[in-house]
Structure formats: structure tokens, C-alpha cells
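Please examine the sequence and the structure shown here before reading the dialogue.

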Amino acid sequence: MMVDMLEYKQKWQGGILIRVDPKYTSQACFECQHIAKENRQTQAKFECVKCGYKANADFNAARNILAAGHAVLSVEGGCSKGRPLMQKTSEVREEVT
Ligand SMILES: [Zn+2]
């Protein structure tokens, strides 16, 4: 339901929706990519045990998810394949339905 709403909104705005594996995004340090559950001291607080990076836990996770989304784009992006990305997403949608 949530994903459908996001997808609709993105489509409406002419954007794309990239699904990102949320695994470890809340435990991974955005600065050094060190993954440890000790990084997540409380629900709200993130402090990396390796590099000492401190941030709001949700903010750190959001930056990780954004970075993961950009990684997906650079792998699947239309530039190297020479065709627009929107075409790619509509093809994927047709396969699903
Ligand atoms: Zn770190």
C-alpha cells in the first residue's frame, strides 16, 4: 500500500521509484559503511563505533537508503544502455502486471 502510493506519486511527478533493500540501513554508518548493531545506541541516536560519526538514526538510515538508490540507478541507469530510464521502468512494470 505504502509502496503503491509512493509509486503513484513519483509517476505523477514524472519521477521514478527505486526499491532499496532496507537491510542494515539503520545499522550502517553513512560515513565509513561500518555495520554494527552497536552503532544504533537508541531508537533515535546513531553513533558509529568505528569512526565516531554521530547523527539522528533516521537521518543516517535515510542517507544510506538514498545512497543505495543512487547505486541502483548507476547500475541500471540508461546512460550505458543508451535508452531512457523511464522506458526501463515501464518495461519492468509490464512484466509485473
Ligand atoms: Zn563510521
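This is a predicted model: local features need pLDDT of at least 70, side-chain atom pairs count only at pLDDT 80 or more; totals for chains, interfaces and linings use all residues.

Residues are numbered from 1 along each chain as its sequence is written, and side-chain values use heavy atoms, with hydrogens and water left out.

Me: Which residues are the protein donors of the zinc ion?
Reply: Donors are N, O and S atoms within 2.8 Å of the metal (3.2 Å for Na, K and Ca); water is not among the atoms, so sites may look incomplete. Here the SG atoms lie 2.2 to 2.3 Å from the zinc ion. The protein donors are therefore C29, C32, C48 and C51.

Me: Is C48 buried or exposed?
Reply: Buried means under 20% relative accessible area, exposed over 50%, and partly exposed in between (1.4 Å probe, protein chains only). C51, at 41%, counts as partly exposed. C48 has a relative accessible area of 3%, so C48 is buried.

Me: With which residues is N64 in contact, leaving aside its neighbours within four places in sequence?
Reply: N64 is buried, with a relative accessible area of 12%. Contact means heavy atoms within 4.5 Å. Leaving aside neighbours within four places in sequence, the residues in contact with N64 are T25, A28, C29 and F30.
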